[in-house]
Amino acid sequence: MQVYLDNNATTMTDPQVVEAMLPYFSEKYGNPSSIHKFGSSVHPAIMKAIDQVYKGINASDNDDIVFTSCATESNNWVLQSVFTDHIVNGDKNHIVTTEVEHPSVLATCRFLEEQGVKVTYLPVNDQGVVEAHSVKSFITDKTALVSIMWASNETGMINPIKEIGEICKEKGVLFHSDAVQAVGKIPVDLQDVHVDFISFSAHKFHGPKGVGALYIKDSQALTPLLHGGDQMGGRRSGTLNVPYIIGMGKAIELATTNIEEKMASIRAKRDRLEDALLELSDTFTVGNRENRTPNTILISIKGVEGEGMLWDLNNGQIGASTGSACASEDLEANTVMLAIGADNELAHTGIRLSLSRFTTDEEIDYTIAHFKDAVARLRNISSSFAKQAPTKGGEALECDLHH
């Protein structure tokens with residue numbers, strides 16, 4: 001059996017999405033910017049996809065949704081354009097973010113620091129969540145932007161976006177959220193929260209890789225990241241990626257229709273897997289599962305290196321990860337686990353398991369059996385674990401990793 005449990009990195013493209021995309025590769029292949037019928041014939045499908053994305057996040061007709069190549073591009077666009085619009089050409093000099101953002105946000109912030117921008121990297125609490133009051137305490141009259149992810153790609157923990165949005169609105173500060181791990185996994189209702197910009201990618205909710213979007217509240221001004229054409233109302237130059245935009249529209253429709261029912265099914269499998277793994281001694285999961293995306297587990301196994309565990313899981317045809325795929329070649333300790341207070345040794349043991357709506361009960365059963373066998377095998381050759389007597393599963397750490 002092959003079991004894919006790395007859905008926070010990317011998901012399988014839903015066969016229904018592939019079916020919707022196929023005609024736009026070699027049958028209806030015209031450039032939508034062309035005025036002839038080959039170009040105009042694809043317009044209805046693009047408009048349908050746009051409507052599907054608006055509905056998927058409950059955006060207003062007054063808002064803009066601009067298709068990009070991915071959320072990394074969208075994140076860069078917001079951060080670099082706010083720098084241009086409000087720092088270089090304004091009177092601001094400060095951005096607030098967190099220590100645990102996706103690398104596309106953190107690396108861009110470090111780049112902007114080299115340009116003279118002051119960046120505050122907020123800590124998270126022992127649940128891996130940024131607290132709204134800490135956001136408020138660091139906003140000044142020089143703050144141009146607050147950028148905080150909706151849900152963590154590593155832990156699945158959900159930040160208090162609604163509360164943070166109200167604070168930013170009150171302070172008159174722009175608010176951006178990397179919502180890659182939220183859209184399609186939990187309800188995202190942009191009529192219920194105040195967010196100026198959100199970034200998201202289709203491949204996180206069973207759409208194709210290579211297409212994402214940026215939501216822009218009230219169609220407000222934002223200097224384009226790409227110049228050279230009038231596509232997307234002049235906001236994002238480049239020939240529209242017609243099949244992938246159509247695929248993104250279909251994927252978000254499938255993901256968000258009856259989302260509560262889908263969440264309940266995924267959560268039940270996730271909880272059964274988590275409960276079974278926590279029967280092992282000295283195992284810990286990060287964060288309260290009630291405030292986690294329903295598909296995610298970040299588990300630490302004392303005495304078992306994360307990379308060693310991945311190797312063993314891979315030999316058993318199980319795909320998992322030690323954290324963000326964009327940093328997967330980095331064998332440093334897990335930065336999120338360090339941020340919530342885990343010691344360096346434990347921070348090397350984190351394994352992320354992330355399910356999808358295609359994960360089956362049989363795959364969960366197989367994973368539980370193989371995972372337990374792998375832990376026993378790796379602990380038998382672990383010098384660090386052999387030196388200490390194991391404790392009963394479910395012991396809480398001082399940093400409040402939860403079991």
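This is a predicted model: local features need pLDDT of at least 70, side-chain atom pairs count only at pLDDT 80 or more; totals for chains, interfaces and linings use all residues.
Residues are numbered from 1 along each chain as its sequence is written, and side-chain values use heavy atoms, with hydrogens and water left out. Helices (H or I, at least four residues) and strands (E, at least two) are DSSP runs numbered from the N terminus.

**Helices α11 and α14**

- Helix α11 covers residues 306–315 and helix α14 covers residues 361–380; their axes come within 10 Å and cross at roughly 130° (axes are lines fitted to C-alpha atoms over the stretch in contact, and angles run from 0 to 180 degrees between N-to-C directions).
- The two helices are therefore oblique to each other (under 35 degrees is roughly parallel, over 145 roughly antiparallel, 65 to 115 roughly perpendicular, and the rest oblique).
- On the α11 side the contact (heavy atoms within 4.5 Å) uses Gly 308, Met 309, Asp 312 and Leu 313. On the α14 side it uses His 370, Phe 371, Ala 374, Val 375, Arg 377 and Leu 378.
- The contact of α11 with α14 has six nonpolar, two polar and two charged residues (nonpolar: Ala, Val, Leu, Ile, Met, Phe, Trp, Tyr, Cys and Pro; charged: Asp, Glu, Lys and Arg; polar: the others, Gly among them).

**Helices α10 and α14**

- Helix α14 also packs with α10: these axes come within 10 Å and cross at roughly 15°, so α10 and α14 are roughly parallel to each other.
- Their crossing is right-handed.
- From α10, the residues in contact are Lys 269, Arg 272, Leu 273, Ala 276 and Leu 277. From α14, they are Asp 361, Ile 364, Asp 365, Thr 367, Ile 368, Phe 371 and Lys 372.
- By class, this contact has six nonpolar, one polar and five charged residues.

**Helices α5 and α6**

- Helix α5 (residues 71–88) packs against helix α6 (residues 103–114) at an angle of about 25°, and their axes are 9 Å apart. That makes the pair roughly parallel.
- The crossing of α5 and α6 is right-handed.
- Thr 72, Asn 75, Asn 76, Leu 79, Gln 80 and Phe 83 of α5 meet Ser 104, Val 105, Thr 108, Cys 109, Phe 111 and Leu 112 of α6.
- This contact holds six nonpolar, six polar and no charged residues.

**The cavity**

- The structure has one cavity of 30 Å³ or more (a set of points on a 1 Å grid over the protein atoms alone, where a 1.4 Å probe fits but cannot get out; lining residues have an atom within 4 Å of a point).
- The largest cavity contains about 180 Å³ of space (the space filled by probe spheres set on the points, which are joined across faces, edges and corners).
- Its lining has 16 residues, and the closest to its centre are Gly 184, Lys 185, His 206, Ile 266 and Arg 357.
- Helix α10 (residues 259–277) gives the most to this lining, with three residues.
- The lining of the largest cavity divides into six nonpolar, six polar and four charged residues.

**Positive phi in a loop**

- Most residues other than glycine have a negative phi.
- Asp 218 is not a glycine, yet its phi is positive, at about 55°. Asp 218 is in the loop between β8 (212–216) and α9 (242–256).
- Met 232 also has a positive phi, near 50°, and lies in the loop between β8 and α9.

Technical notes:
A crossing is left-handed if the near helix is turned anticlockwise from the far one by less than a right angle, and right-handed if clockwise. On a 1 Å grid over the protein atoms alone, a cavity is a set of points where a 1.4 Å probe fits but cannot get out, and a pocket is an open set with protein on both sides within 12 Å along at least five of seven lines; lining residues have an atom within 4 Å of a point.
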